[in-house]
Each structure stands twice: as structure tokens, then as C-alpha cells.
Amino acid sequence: MEQNIYGIMAEFDTPTELVDAARQVRDAGYTKTDAFSPFPLHEIDEALGIKRSILPYLIFAGGVTGLLSGLGLVYFVHVFDYPIIVGGRPHFSLPAFIPPVYELTILFAALVAVFGMLFLNGLPAPYHPVFNVPRFAFATREKFFLIIEAKDPKVRLRREHEVLWKA
Amino acid sequence: MQDEKDLQEKLRPAMIEGDHSFASVTDKISDVTLKKRTPFHWFIGFAIAFMVAQLLLFSVIWLLANGIGVWGNNQPVGWAFDIINFVWWIGIGHAGTLISAILLLLNQKWRTSINRFAEAMTLFAVACAAMFPLLHTGRPWLAAYWLFPYPNTMGIWPNFRSPLIWDVFAVSTYATVSALFWYVGLIPDLATLRDRAKNKYFKFIYAALSWGWRGSARHWHRYEITYLILAGLSTPLVLSVHSIVSFDFSVSQVPGWHATIFPPYFVAGAVFAGFAMVLILCIPLRHMYRMQDFITHTHLVYMAKVMLATGLIVVYGYAMEGFFGWYSASQYEVFMVKNRIWEGPYWWSYWLLIFCNGLSIQLLWFKRFRESEFWLFLISIIVSVGMWLERFVIIVTSLHRDFLPSSWAMYSPRVWDWTMFIGTIGFFFTLIYLFVRFVPIISIFEVRTLLPDANVHGHHQDFEENVNEVEYTYDRTDPPNE
Amino acid sequence: MVYNRCVGTRYCSNNCPYKVRRFNFLLYQDWNTPQYKLMRNPEVSIRSRGVMEKCTYCTQRISAARIESQKDGARKIRDGEVVTACQSVCPTDAIIFGDMGDPESRLRRPRKISVITIC
């Protein structure tokens, strides 16, 4: 029976209540928790103890990859594979290569930013147990939800209930 | 509650008018998309736009069947309407990125209710723009892939030192990043539509498009990082794109094109033209869909001010073009300036340009005109015409009188030049109409954050733990006496 | 000009100070009539529409001369060995083709009348 329960969820009307509740849940020692809100809340990161994502580093790495592949491309083409003198410039005429290399840097970084975010978020996720709560449809409208997942080592359903009700 | 509101009113002009809650904001904006009955004016507008768009289809087919010769382009005016329209459209697109990215980085809250359709405008304008450099080539069926780095069977590569190749990289990157930025901004709102849609099919489509977004705190955390970094990437991108477009001219050697002022002057012109287009779109839109609560007079006034500022930079650019022509002491440059302003046959286009871009915006110094929707709309249309003329002046009047008098000639557009241009306008508005019907025109989740209720209020127990936190969460909306 | 690679942006034409480049705005050649094939020089490609035209200095004649010089043991191409088509038909000998870098070339000799040199 208990294995089928994904977690226990509480609904709140305001972000303040959600953040308060999240802090209490965190202080009570729960770690497998999550909050749902219709817009980003900066306070919830601290309240739930969410660590800063590694995403910025991935994006930086994406940008560097774009830079290197852009430089590699122009070097390969104009120095190695098809060297041709245009306008009396050297084969590797860096100033003239800046625009395409620059654009490739931005392109790669932006692609990593978006697809990295989706990947780390586990999206697309057509199904998720939270959608089984009928009132959860309001999470994209006006309500705020807090969940303690059943796989949290501290979960014993009764206590869990009390913590959320008190909040 | 009343105190809070009064205090907020005093501290900054209202970005949302009327009494709104999270639910009312959500319902009001998403109803435009989800309402069963599409307003009648939508059908009329869409039908007109769609018919005009057919003109584009017809012109493109005619062009592909016969060649560039159907246009008025000839020696020595090798570029004309094609590149004018390209630069015009891509310039219009820039305001969307400016609003969504640069104003986000500058923490300007007023961007929130206009960024969604400004970004849509960017995408559609870039779609119209990207058509021209492709179709203006003699052999577009080859250009479509030869312009990208791909060696042909003879092992010949594109020349990466050419501004036209830079253009390909800039415009394609810009289109991709703008589309990503727009779509990322849409995901939470598509999830809202998914949860609110009654129609089974719409629900399915919005569910598929929102990729299972559920508003989890961890997701929001990464989402915000992505959104901010995308804004940070788009900002240098948008500045580089129009700089690179201006390189098409400034890297060349034609008098009137070869000018170092071009990149900043083009970027300012792009933002100028783009804000004019945003105003042209948002003034009717806010009335049609009764969005006056979200797109307030404050928004219009701010946009008018940006238009005035960028317009003045553009006017400075005109002055500098004249100055450099004289200062260069090159007979060709001096002749170009004289020819452009009073001696040449196209003098009228220059003075019309000065009227549209230089004189008409001076009205915006006055509060009376800034706050009148009628005048803003009129000035925006004049500016759009003016920015088109600017590219006409730069491209056509520079080319038609270049170095050797023996090759001088006049340019006049033919019917296919006009149909193609007007056709892209129809195509643009067709896309805008579809967007207005199927996608929330205002970013719902961002508007929610503007409501006073969105602030998390601190508690006294936290005060001892983290002083900064309380400072921050008390924010400006808490009554000081609490 | 690399006709095969030209997509026809007309950028070179806009920038050409002498406007020697001409663009095939429409399809000026008849590609289909079989009899016309006999009329054409097999060594010169027919340009399609959408391609920029420019004097190639009779690249086919230069190639032929180069091949000859290679056969003769990789010697230099002699002065006057390459005669362009326009040069060969010019009755007043106004057009001279040659190597400007070669001090012995006919091009470098002092001329009594001013002539148009192509190089």
C-alpha cells in the first residue's frame, strides 16, 4: 500500500505560506521535497535547500565548444583544406573570422542553455505522479503546493501529515 | 492592504492597473486563447492579411520561375528592394530582443507585459527578413545550402572573410536563439493553457508543447538560470546581428556604404524601427483584447521615450555621414553626400527621410503627444516608413552614382518588387494573427510576479538568522509600521 | 569568376568600381535548341541565369598554354604565347595580354601611343 503512494502534498494560497511551510519541512529534516508554484520564487531555493545548479558551467562549456569548433572550422577551411588568398590577407586572418566564430559561440551556448535545462529538469515528462491530484491543475494558475515524497527516508505518513497541517 | 497599494503606487508607476489576483490575471490572458468564440474582427483581419500574403507566394513563384530580372535591379544598382526589405525587417525584429533580453538584464519590470508579443514580432520579422537574402541571390536553390559551410563537389568552401557569410551565420543564429528564447518563455504559459483548456484536442496540443511542465521549484531554479543566461547571450547577439548586417555595407568600398559609423548607427536604427512596430502592434491589440490593465499608458510612454532616444542617435548618424563625407576629403565621398542631399535625382527620398525620422519624433518631447495613442500610432507609422527610406537612401542612392559616370543609371522598382514587399507585410500579419489566436499574447507567469501578492513576506524568527533575507523579503510593499 | 560556385548575390558587382561585372538577370542563353550546341565554343561554359559574368582572360587559352609549357619541361609561358580572344580580333592591336611581372614582356616596353592594357 505504502509503496504506491508517491508523496504527500499540501496546498497553499500565498507564496509566503509556501515558503514558511517549506522552511519548517526542511527544519524537520526532510530532503525529498519539492514545491510547485505558478511563477518562480527565489526564496524557495533557500527554504527547500535547493543547491545551485551546474547549468551555468555547462552553458559556459557549450560556449567554449562553439568557440573552438568555429575556430577549428575556419582554420581547417582556410589554412588546411582550401587555402586561398583573398584581399591580400593571410590564410588565417583572425579579425575577419571573428563574426562567424562569435556567432557559433553564442549559438552553442544558447542550445546548451535550453536543452541542458530541459535535460536536467527531466523534461519532456508527459506523466508525473503529481498530475494525479485533481487540484494540482491550479499550480499553473494561482495555488502553491508542497510535496514530501514517500521515498524520503524520514517519511512515516502520520508525522508527515502533522508537519504539513501545522504549516 | 490599501496602504500597501498606495505605497507601491508612490514608489513606481503602475505596471498593472485594476484589481488583479493570480487567478484573474491568468484567466484574463488565457481566455483570449481558450475562449470558444473567436472575435469577428480577428477573422476579418486574418482574412485580409492572408490574402495579402498570397501576393508573396505568387511573387516568389514568379521570381523563381524567371529570375532576378523580374525586379527593377540592374547595373549599377544590383541591390535594391530585396536588401532594403531585408534590413528593414531584421531591424524591426531587434526591438523584440531588446525588450526581452536587454530590459530583463536591466531589471526593467515594464518589459514583462510586452515581451511575449515583442518576441513573436521578432521571430516573424526575422522570418520575413531571412527570405530576402536567400531569394535575392541569382540561384536561390543553390544558395540555400551553399552559404552554409559545406564544400561542393569541387572542394570549394565558402569564404569566411566575406561579410555575406558573416550575415548567414548572424541571421541564422539570431533566428535560432530568438526562437529558443521565445519558446522557453512560453513553456510555463503553455502548461497553464494545458491545465485550463476544456477542449480535448487543444489540451493535448498544449500538453505536448509544454513538455510536462509542472512548476516544480527545482525546475524554476534551472529555468530562471536559463532565462537569464539566454538574455545575457541574446544581448551581445542582437547587437552583433545588426552590426554584421551593417558590415555588408561598411566593409565594402562603395561611397556611402564604406563608413565606420554604420554598426552603432544601424543598431540604434533597428531598435528605433522595432519600437515603432511594437507600438503599431500593441496600440490596437490592447484595445481589441481589452488588455489595458496590463499594457498600460506607462508602457506606451516608456516605449515612446526609447523611440525618441534611439531616433536621436539615428539623426546623429545622418549628421555624421555628412560630416565624414566632407572630412574624408575624398572626391567620391564628397560627391556622394552632395548627390544624396541636393544634387542627385533622389534628393526627395533624403528629405522625406529627415522628415520621417528626424522631425516627426521631435513631437515626442512633449507629454501631450507621448500620452496620446493616436499620435504615437501615427508617429510610429511615419517612423516605419522613414526607416524603410533610410535603407533606400543608403542602398540605392549610393549605388546609382558610384565611381565611373559611364555606368551611372537610375533605379525604379517594378511591380514584382512591390508585390514581394507588400506580400511580406501580409505574411507578417498573418503570423501575428495566428499568434494572437493560439498563444497567450502576454507572459502570464511573469505578470503574476508583478502582483503585490507575489512577494514573500519575511517573519520575525528569520530576522535573527539572516538579516539580508528579511531586508529583501520585506520589500517595498510592506507597510513600514508593521 | 567561379561560375559553378556563384550563387549570384551581386555583391561583387556593387563593389566593382569599373562595373565590368555583368549579371545574368534572366536566362539569356538558349539551352535547348540542339543546333546551337554546334555554334558554341566547347571550351567555354555557358552561364545560366543568376550567375555573375566577368572576363576570365580566356582561361581556356591560358590553360592550353600552361599545358604546353609543362610538356616542354615545365618552362615559363613565353611572352605572347597566350592571346586572348579580344586581342586576336582587335584590328588596331589595342589590347595586349602578358605578364606584368616579367620585365622583358611586350607589356613593359615603352609605347608610343597609349593603349588599354589588360592584365
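Guide: Helices, of at least four residues, and strands, of at least two, are taken here as DSSP runs numbered from the N terminus. The model before us is a predicted one.

Visitor: How many helices and strands does chain B have?

Guide: Chain B holds 19 helices and 0 strands. Of its 482 residues, 62% count as buried.

Visitor: Among contacts in chain B between residues at least 6 apart in sequence, what percentage join residues at least 24 apart?

Guide: The share is 79% for chain B.

Visitor: How is the packing of two helices to be described?

Guide: Two packed helices are described by the angle between their axes and by the distance between those axes. In chain B, take helix H11 (residues 297-327) and helix H15 (residues 373-400): their axes come within 12 Å and cross at roughly 30 degrees.

Visitor: Are H11(B) and H15(B) roughly parallel or roughly antiparallel?

Guide: Angles under 35 degrees count as roughly parallel, and H11(B) and H15(B) are therefore roughly parallel to each other. The crossing of H11(B) past H15(B) is left-handed.

Visitor: Which residues in H11(B) and H15(B) meet?

Guide: From H11(B), the residues are His297(B), Leu300(B), Ala304(B), Met307(B), Val314(B), Tyr318(B) and Glu321(B). They meet Glu373(B), Leu376(B), Ile379(B), Ser380(B), Val383(B), Glu390(B) and Ile394(B) in H15(B). By class, the residues of this contact between H11(B) and H15(B) comprise 9 nonpolar, 2 polar and 3 charged.

Visitor: Let us turn to the backbone. Where is there a cis peptide bond?

Guide: In chain B, such a bond joins Gln75(B) and Pro76(B), with omega about -5 degrees. Pro76(B) belongs to the loop between helix H3 (40-66) and helix H4 (81-105) of chain B.

Visitor: What is the phi of Cys58(C), and where is Cys58(C) found?

Guide: Phi of Cys58(C) is near 50 degrees, which is positive in a residue other than glycine. Cys58(C) is found in the chain C loop between strand E2 (52-53) and helix H3 (59-71). With a relative accessible area of 15%, Cys58(C) is buried, because buried means under 20%.

Visitor: And what is the phi of Asp93(C)?

Guide: For Asp93(C), again a residue other than glycine, phi has a positive value near 60 degrees. Asp93(C) lies in the loop of chain C between helix H4 (85-89) and strand E3 (96-97). Asp93(C) is partly exposed, its relative accessible area being 39%.

Terms used:
Residues numbered from 1 in each chain as written. Chains lettered and ligands numbered in written order. Predicted model: local features only at pLDDT ≥ 70, side-chain atom pairs only at ≥ 80, totals over all residues. Heavy atoms only, no water. Axes fitted to C-alpha atoms, helices over the stretch in contact; angles between N-to-C directions. Parallel < 35°, antiparallel > 145°, perpendicular 65-115°, else oblique. Left-handed = near helix turned anticlockwise from the far one by under 90°. Contact = heavy atoms within 4.5 Å. Nonpolar A, V, L, I, M, F, W, Y, C, P; charged D, E, K, R; others polar. Buried < 20%, exposed > 50% of the residue type's maximum accessible area, 1.4 Å probe, protein only.
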